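Look at the aromatic rings in the structure below. The paragraphs that follow go through them one contact at a time.

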Amino acid sequence: MEVQLEVLRPQLELARTLQRPVSLHCVASHGALLEALQQTFGKGGHAPGLVLHSYCGSAEMVQPFAKLNCFFSFSGSFLHIPKHAVALRAVPLERLLLETDSPDQLPKQLLENKESVRFDDAGPLNEPGVLPLILDGAARAREADLEELAAATSANARRVFDKRSSSAEMAEAAANSAADGQHPT
């Protein structure tokens, strides 16, 4: 774990310097990740946003992560893992994202809707085309209106990922990081 944190910290510093969003996948180490994010970004968090990709943490961790400007992205795992469904319901709507986690984690429940899932020689494909099925499952799990949930999660994705900046600005920030003794990659 310590090696992973040693590698992560410079990446977080680079994101802070470049003012870019960060996408993180964390499994069974949410406490350590929360501490690393708090140390790097402080109590105010990271303004450009932090995305917890394929979130599998507890509902209790949602609030501390949200205070750091985290967004919680859920794959279809909430359809078959009760802990993930509880966490999905705990996330404020303005922090919620949905994803397929393609090519991994195609829930068996999605295979019930075979006309919406493509197959190849290896079996069913988890691809962006199944996102409407994940949206439908999330709306049912949250007891939310499908169209409102679609609009909110789309707006959240644009809010965190639509960061327009010139290549020159990014190169300058990377050079400044390197000059400060930080490795930019």
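Begin with a ring and a charge. In this predicted model, the charged end of arginine 95 lies over the ring of phenylalanine 71, at 4.9 Å from the ring centre.

Next come contacts between rings. A pair of aromatic rings is described by two things, the distance of the centres and the angle of the planes. The structure holds 2 aromatic pairs. In one of them, the ring centres of tyrosine 55 and phenylalanine 72 are 5.1 Å apart. Their planes stand at 85°, and an angle over 60 degrees counts as edge-to-face, so this pair is edge-to-face.

Where do tyrosine 55 and phenylalanine 72 lie in the chain? Tyrosine 55 is in the loop between β2 (50-52) and α3 (62-66), while phenylalanine 72 belongs to strand β3 (residues 70-74). The two are 17 residues apart, and the pair links distant parts of the chain. Both tyrosine 55 and phenylalanine 72 are buried.

Tyrosine 55 also pairs with phenylalanine 74, again edge-to-face, with 5.8 Å from centre to centre and 75° between the planes. Phenylalanine 74 is in strand β3 and tyrosine 55 is in the loop between β2 and α3, so this pair ties together parts that are 19 residues apart in sequence.

Are tyrosine 55 and phenylalanine 74 buried or exposed? Buried means under 20% relative accessible area. Tyrosine 55 has a relative accessible area of 1%, so tyrosine 55 is buried. Phenylalanine 74 has 0% relative accessibility and therefore counts as buried.

Taken together, Tyr55, Phe72 and Phe74 make up one aromatic cluster.

Methods
Residues numbered from 1 in each chain as written. Predicted model: local features only at pLDDT ≥ 70, side-chain atom pairs only at ≥ 80, totals over all residues. Heavy atoms only, no water. Phe/Tyr/Trp six-rings, centres within 6.5 Å; stacked < 30°, edge-to-face > 60°. Helix = DSSP H or I, 4+ residues; strand = E, 2+ residues; numbered from the N terminus. Buried < 20%, exposed > 50% of the residue type's maximum accessible area, 1.4 Å probe, protein only. Lys NZ or Arg CZ within 6 Å of the ring centre and 35° of its normal.
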